[in-house]
Amino acid sequence: MDAQGNSGSSTDHLVLSLDPEHPANHICTLCRNFYGHGWVTGTGGGISIKKDAHIFIAPSGVQKELIQPSDIFVMEHATRNYLRKPPILKPSACTPLFLAAFDRGAGSCIHTHSQWAVLVTLLVEKDAVAAGKSVVNSCFEIEQIEQIKGIPKGPGKTGMLGYFDRLVVPIIENTAHEEDLTQSLEAAMEQYPDTYAVLVRRHGVYVWGDSVSKAKTQAESLDYIFRLAVEMRRLDLPWTP
């Protein structure tokens with residue numbers, strides 16, 4: 001029996017492993033890590049990992065720092081059918097958005113409620129209003145920051161962004177329900193095919209990568225950049241020359 005009171009089932013073999021790199025174990029480790037960053041406070045945020053034909057997804061409405069492997073949902077990517085649904089727990093509301101990333105070749109997708117991500121969207125909104133522009137279809141843009149080198153150039157492209165490259169992260173508008181973000185997230189992915197992240201105004205950020213390790217390092221690099229951008233604005237320093 002796990003921390004949520006769920007008993008074992010015939011599908012436990014999908015999530016129980018001694019291998020720390022097994023997706024079910026890895027999700028639990030990362031959720032504890034992300035909780036320490038303040039990214040998944042109060043059951044918010046989520047993470048999913050794709051391995052072969054299966055997608056492993058953290059549940060919704062659960063304290064992420066307490067998740068156990070037996071709490072993990074498992075879906076077959078091709079059919080969208082759940083192979084494992086822990087009793088009592090709810091599937092992640094982020095699932096349709098995770099699938100949008102996996103359909104584009106991602107190996108992992110992370111959703112955080114980082115305060116720095118939220119603040120950056122508010123600063124971009126403030127700039128647009130001050131300039132008399134629409135906030136719809138806006139982007140966060142920054143350049144000449146060393147940590148930009150932690151972000152790849154784009155799917156199918158070789159190498160990472162450089163110091164003199166401009167990092168562009170599209171921003172979509174928040175909705176009352178997480179799953180209702182799917183269409184606008186997919187539209188942003190189409191409009192900005194090189195992006196590995198989409199900000200959600202007043203909400204957080206979705207970050208994906210070719211593998212779970214790449215998604216993690218990209219999420220960390222972006223959070224560093226978002227925090228730096230907030231501090232730069234406090235000091236009246238420009239994000240772009």
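The largest nonpolar core comprises 70 residues. Such a core is a set of buried Ala, Val, Leu, Ile, Met, Phe, Trp, Tyr and Cys residues joined through side-chain atoms within 4.5 Å. Buried means under 20% relative accessible area, exposed over 50%, and partly exposed in between, with a 1.4 Å probe and protein chains only. The residues with the most contacts inside the core are Phe140, Ile142, Leu167, Leu199, Tyr206 and Trp208. Helix α5 (residues 212-234) gives the largest share of this core, nine residues. Helices (H or I, at least four residues) and strands (E, at least two) are DSSP runs, numbered from the N terminus.

The model is predicted: local features need pLDDT of at least 70, side-chain atom pairs count only at pLDDT 80 or more, and totals for chains, interfaces and linings use all residues. Residues are numbered from 1 along each chain as its sequence is written, and side-chain values use heavy atoms, with hydrogens and water left out.

Leu167 illustrates the contacts of a core residue. Not counting residues up to four places away in sequence, Leu167 touches Phe140, Glu141, Ile142, Ile148, Ile151, Leu161, Leu222 and Ile225. Contact means heavy atoms within 4.5 Å.

Helix α4 (residues 182-191) has four named buried positions: Thr182, Leu185, Ala188 and Met189. Seen down the axis of α4, these residues fall within an arc of 125°, so they line one face of the helix. The arc is that of the directions from the helix axis to the C-beta atoms. On the other side of α4, Gln183 and Glu190 are exposed. The cover over the buried residues of α4 includes α2 (95-102), β7 (166-172), β8 (197-200) and β9 (204-209).

Two further buried residues were examined. Ile55 is located in strand β2 (residues 54-57). Its relative accessibility is 0%, so Ile55 counts as buried. Beyond its neighbours within four places in sequence, Ile55 is in contact with Ser48, Ile49, Lys50, Phe73, Val74, Met75, His77, Leu99 and Phe102. Ile55 and Tyr82 are 27 residues apart in sequence, and their C-alpha atoms lie 9.2 Å apart. His26 belongs to helix α1 (residues 23-37). At 16% relative accessibility, His26 also counts as buried.

A cavity is a set of points where a 1.4 Å probe fits but cannot get out; a pocket is an open set with protein on both sides within 12 Å along at least five of seven lines; lining residues have an atom within 4 Å of a point. Grid points are joined across faces, edges and corners, and a volume is the space filled by probe spheres set on the points.

The structure holds one cavity of 30 Å³ or more. The largest cavity has a volume of about 40 Å³. Trp39, Thr112, Val205, Val207, Ala219, Leu222, Asp223 and Phe226 form its lining. Helix α5 gives the largest share, four residues.

The largest pocket contains about 330 Å³ of space. Of its 14 lining residues, Val124, Asp127, Ala128, Lys133 and Cys139 lie nearest its centre. Helix α3 (115-130) and strand β6 (139-143) are the elements giving two or more residues to this lining.
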